[in-house]
Amino acid sequence: MRSVLEANWFYWALGVAIGLPLGLVLLTELHNTLARRGSYLTRPVNLLRNYILPLGALLILLVKGSEISAEATTVRIVATGFGFVVMILLLSGLNATLFQGAPEGSWRKRIPSIFLDVARFALIAVGVGMIMAYVWGANVGGLFTALGVTSIVLGLALQNAVGQIISGLLLLFEQPFQLGDWLDTPSARGRVVEVNWRATHIDTGGGLQIMPNSVLAGASFTNLSRPESAHSLSMTTVFGLSDPPDAVCALLARIATQLPQRRTGAAPSAIPLGGGEYKTSIPLRTPADDGAARATFLRWLWYAARRAELHLDGSADDFNTPERLSKAVRQMAPTLRLSHTEQQEMLDHATLTRFGADELIQVAGEVPTRMSFIVAGRVAVTVTGSDDAVIPVRTLSEGDFLGQTALTREGALASAHALTETTVLQIGRDFLEELVLRNPLLLHELGRIIDDRRTAAQRALASN
């Protein structure tokens with residue numbers, strides 16, 4: 001008994017007999033806990049429990065317990081398997097801790113996949129070299145020399161493919177763009193979604209443009225995402241030569257300011273270029289908004305230019321004809337309790353105009369100078385809460401009106417924007433004041449409507 005206790009192998013065997021079951025129990029509990037949490041470390045812990053710990057125990061028993069030579073084939077095979085599993089564990093653990101669990105938007109999340117592939121290849125090469133050198137006693141230096149000669153031969157045979165890989169590596173080491181950046185290249189414009197060994201993938205919105213790295217590295221391109229918060233959309237428009245430049249620039253800047261894609265805190269600008277051309281610079285949140293901002297700007301400008309009696313693309317507005325105006329006045333006559341004589345008088349003080357879908361008709365807080373009666377279309381009335389949330393109040397349709405606070409010279413109670421193309425009959429404040437002085441019942445009715453709408457706005461704010 002005493003000789004057994006004094007034997008070196010006894011303590012190694014005792015350590016394995018106690019440590020292996022205990023380690024398996026602890027790792028099983030850790031694995032179950034990580035699995036319930038959905039952790040990325042579940043797979044590395046599983047490798048450690050099922051492969052590394054048993055193989056390590058077997059290796060200890062063979063070398064220390066059974067005192068088998070480390071140069072024996074059996075020991076070398078077990079050691080090789082142990083080394084490969086350790087290498088897989090390192091790769092899996094690094095991937096889980098550094099990249100899979102990385103927060104969105106961090107550099108670890110944005111790193112191109114080509115860098116990960118290179119790092120994995122380097123770790124595998126080093127791991128295999130160490131296994132061959134320490135376990136099998138191979139001449140690793142000679143092996144790498146042979147691989148170097150072979151790589152030269154393969155490089156000459158595959159110089160085009162290798163050139164693309166090297167171009168991709170040089171391009172990414174320079175870091176002229178990152179995943180998620182917007183590029184404008186000679187053949188594509190879009191967002192970078194992937195960079196691999198051979199090519200860069202650019203999402204153009206109409207498909208995926210696959211651009212070889214060698215082509216991209218040798219071309220001149222623009223990174224629209226850098227510097228950050230500096231992207232602007234430039235629009236060139238043409239107006240009539242008789243249109244006042246200041247009026248045109250003010251209109252362009254106002255329409256650009258109302259765009260929902262405009263970057264908060266940045267002001268658009270408009271300048272004349274001569275020959276009736278004007279350039280509008282619109283600061284946007286991201287290049288992804290270019291298409292929507294361009295379409296909305298041109299659509300709203302078409303309506304706004306006609307309301308301002310400016311000649312966009314040299315065209316004049318022929319919508320406000322006497323026939324349409326007379327029909328609209330007759331349509332609104334019951335609402336304003338107009339006699340036939342008053343209808344004729346109104347024709348000289350009314351204007352028939354249109355607003356595009358989503359265009360602002362009324363801004364909360366501004367004092368309107370006229371009332372707008374809806375002839376066709378629908379209008380959404382909204383208020384803004386304390387947290388800048390847009391709260392709907394009601395929807396106006398044909399026969400309704402807004403801008404009634406023009407008579408009281410108070411700021412508008414709520415904002416209003418067109419839901420569809422909307423035609424309105426606008427009547428100036430001076431004529432309205434004469435009209436209500438002649439008709440006290442109309443004045444009383446408008447006062448009641450103002451109170452009702454103020455109550456509705458307050459109720460909408462209170463319910464937010």
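Buried means under 20% relative accessible area, exposed over 50%, and partly exposed in between, computed with a 1.4 Å probe on protein chains only. This is a predicted model, in which local features need pLDDT of at least 70, side-chain atom pairs count only at pLDDT 80 or more, and totals for chains, interfaces and linings use all residues. Residues are numbered from 1 along each chain as its sequence is written, and side-chain values use heavy atoms, with hydrogens and water left out.

**View 1. Asp317 and Arg354 form a salt bridge.** A salt bridge is a side-chain nitrogen of Lys or Arg within 4 Å of a carboxyl oxygen of Asp or Glu. Here the N to O distance is 3.3 Å. Asp317 sits in the loop between H11 and helix H12 (322-336), and Arg354 in strand S9 (residues 350-355), so the pair ties together parts 37 residues apart in sequence. Helices (H or I, at least four residues) and strands (E, at least two) are DSSP runs, numbered from the N terminus. Arg354 is buried, at 15% relative accessibility. Asp317 is partly exposed, at 32%.

**View 2. Arg306 is buried yet has no salt bridge.** Arg306 belongs to helix H11 (residues 290-307). The nearest side chain of opposite charge is Asp317, 4.2 Å away. For charge, Lys and Arg count as positive and Asp and Glu as negative; His and the chain ends are not counted. Leaving out residues up to four places away in sequence, Arg306 touches Ser315, Asp317 and Arg354. Contact means heavy atoms within 4.5 Å.

**View 3. Glu433 pairs with Arg409 in a salt bridge.** Their closest N and O atoms are 2.6 Å apart. Glu433 lies in helix H14 (residues 429-438) and Arg409 in the loop between strand S14 (401-402) and strand S15 (415-418), so the pair ties together parts 24 residues apart in sequence. Glu433 is partly exposed at 23%. Arg409 is partly exposed at 46%.

**View 4. Glu410 and Arg454 meet in a salt bridge.** The N to O distance is 3.3 Å. Glu410 lies in the loop between S14 and S15 and Arg454 in helix H15, so the pair ties together parts 44 residues apart in sequence. Glu410 is partly exposed, with a relative accessible area of 34%. For Arg454, also partly exposed, the value is 26%. Elsewhere, salt bridges that share partners join Asp184, Arg189 and Asp290 into one network. The whole structure holds twelve salt bridges.

**View 5. The largest pocket has a volume of about 900 Å³.** Its lining has 31 residues, and Arg307, Phe355, Ile361, Arg370 and Gln426 are the closest to its centre. On a 1 Å grid over the protein atoms alone, a pocket is an open set of points with protein on both sides within 12 Å along at least five of seven lines, a cavity is a set where a 1.4 Å probe fits but cannot get out, and lining residues have an atom within 4 Å of a point. Grid points are joined across faces, edges and corners, and a volume is the space filled by probe spheres set on the points. S9 gives the largest share of the pocket lining, four residues.

View 6. Of its 15 lining residues, Gln362, Val381, Gln404, Ala414 and Arg453 lie nearest the centre. Strand S13 (390-396) and helix H15 (440-462) each supply at least two residues of this lining.
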